[in-house]
Amino acid sequence: MPSESAVEAEGLVKTYKEKVALDGVDLAVPSGTVHGLLGPNGAGKTTAVRILATLTIPDGGRARVAGHDVVSQPRQVRRSIGLTGQQTAVDDLMTARQNLTMFGRLFRLPKAQARRRAEELLELFSLEEAADRSPKKFSGGMRRRLDLAASMILAPQVLFLDEPTTGLDPAGRREVWEAVENLAAQGTTVLLTTHYLDEADKLCDRISVIDHGRNFVEDTPAGLKRRIGEERLEVVAADPAELNRLAELVGRVAGVEVSADASASRVSVPVPDGVAALTMAAAEIRTQGLEIADIGLRRPTLDEAFLHLTGAGRAAAPQAGEQ
Ligand code: ATP
């Protein structure tokens, strides 16, 4: 079990002229975990990562990465972190192996050690077969994996990943996810900024949702989904004219008032015991002779949780730390 925080921030504040980018952000990422930083555009995610990576100095608050203070010990912090994003740092005129060896040399590894590290990283990121080719001919996923490999030359304790799969096709995204999972399995702490909720869902142990430069909610992916409610029973009417009757019936079974979604001929209602509600509703529908096109149970997606938490549901959402 991870015991201590690899990334800790308390009350981070950053203002650009009039614009408050961060307004007191806290973060605690246990060693060896993957932590997601999510939020709408302009929420302050990049600013937070830039402060943690020592690229920007905060106006207020404190932060430690791998045990070092980001303001007073920037060199130690830089030695402990890797930073990678959408912009590629690799050189198309060299092969993948030459690129990694060159990065090792740039990080002042002796020649033999740089070569050894390049081989290890080619293996870790499943790039052995492509080692002698130029990244110019790589797929998007391979290229991103080579970038990841380059940021892991010194085996940093903490890796900042800024939207690592933006612009990749589904196969490329899966390749990068696998690479991140491998890194996490080896004990690297990862702070992942992403707009893709399925990515956060798949990779993260915990997720911090940031909005307007403040912590909004922090939870596990499953916990975030739970916050917007339990399972839903959904029934689709075969005949739109019967939708109101169907809504009345489903509402009676679930014990709540239901409003139907006329555009989709659908009735959707939260139910604490999904299987019981489904069985009862199906029996009742048959008894009443109603025709339906579909009936089923559905859990909220992380997208719905996120929209709910940062959008319309804000007033009702529990605050960070509450369960
Ligand atoms: P996105 O998801 O769009 O990348 P973000 O959550 O990373 O957004 P930041 O880039 O941290 O958000 O920006 C937070 C706020 O601070 C935004 O309103 C942005 O316009 C502002 N901001 C960020 N950097 C600067 C800068 N160098 N000068 C002025 N304003 C800035």
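Select residues 206–211 and 214–219: strands β9 and β10 pair here in the antiparallel sense over five bridges. Strands are DSSP runs of E of at least two residues, and helices are runs of H or I of at least four, numbered from the N terminus; two strands pair if DSSP finds at least two bridges between them. The model is predicted, with local features requiring pLDDT of at least 70 and side-chain atom pairs pLDDT 80 or more, while totals for chains, interfaces and linings use all residues. Residues are numbered from 1 along each chain as its sequence is written, and side-chain values use heavy atoms, with hydrogens and water left out.

Within this pair, Ile-207 stands opposite Asp-219 in β10. Next, select His-212, in the turn of the hairpin that β9 and β10 form with two residues between them; His-212 has a positive phi of about 50°.

Proceed to the open sheet, in which three strands follow the order β12-β11-β13 with antiparallel pairing. Select β12 (266–270) and β13 (292–298): these are the edge strands, each with a single partner, so one side of each has no neighbour in the sheet. From one strand to the next, the twist averages 10° (axes are lines fitted to C-alpha atoms, for helices over the stretch in contact, and angles run from 0 to 180 degrees between N-to-C directions).

Helix α9 (residues 243–254) touches β11, β12 and β13, its direction making about 15° with that of β12. Helix α10 (residues 274–288) touches β11 and β13, and its direction makes about 165° with that of β13.

Finally, select the ligand and the residues around it, among them Tyr-16, Lys-19, Thr-46 and His-195 (a residue is near a molecule if one of its heavy atoms lies within 4 Å of it). Which element gives the largest share of this shell? It is α1, with three residues.

Polar contacts are pairs of N or O atoms within 3.5 Å; within protein, one must be able to donate a hydrogen and the other to accept it, and residues adjacent in sequence count only if both atoms are side-chain atoms. Oxygen atoms of the ligand lie 3.0 Å from a backbone N or O atom of Ala-43, 2.9 Å from a polar backbone atom of Gly-44 and 2.7 Å from a side-chain N or O atom of Lys-45.

Technical notes. Contact = heavy atoms within 4.5 Å.
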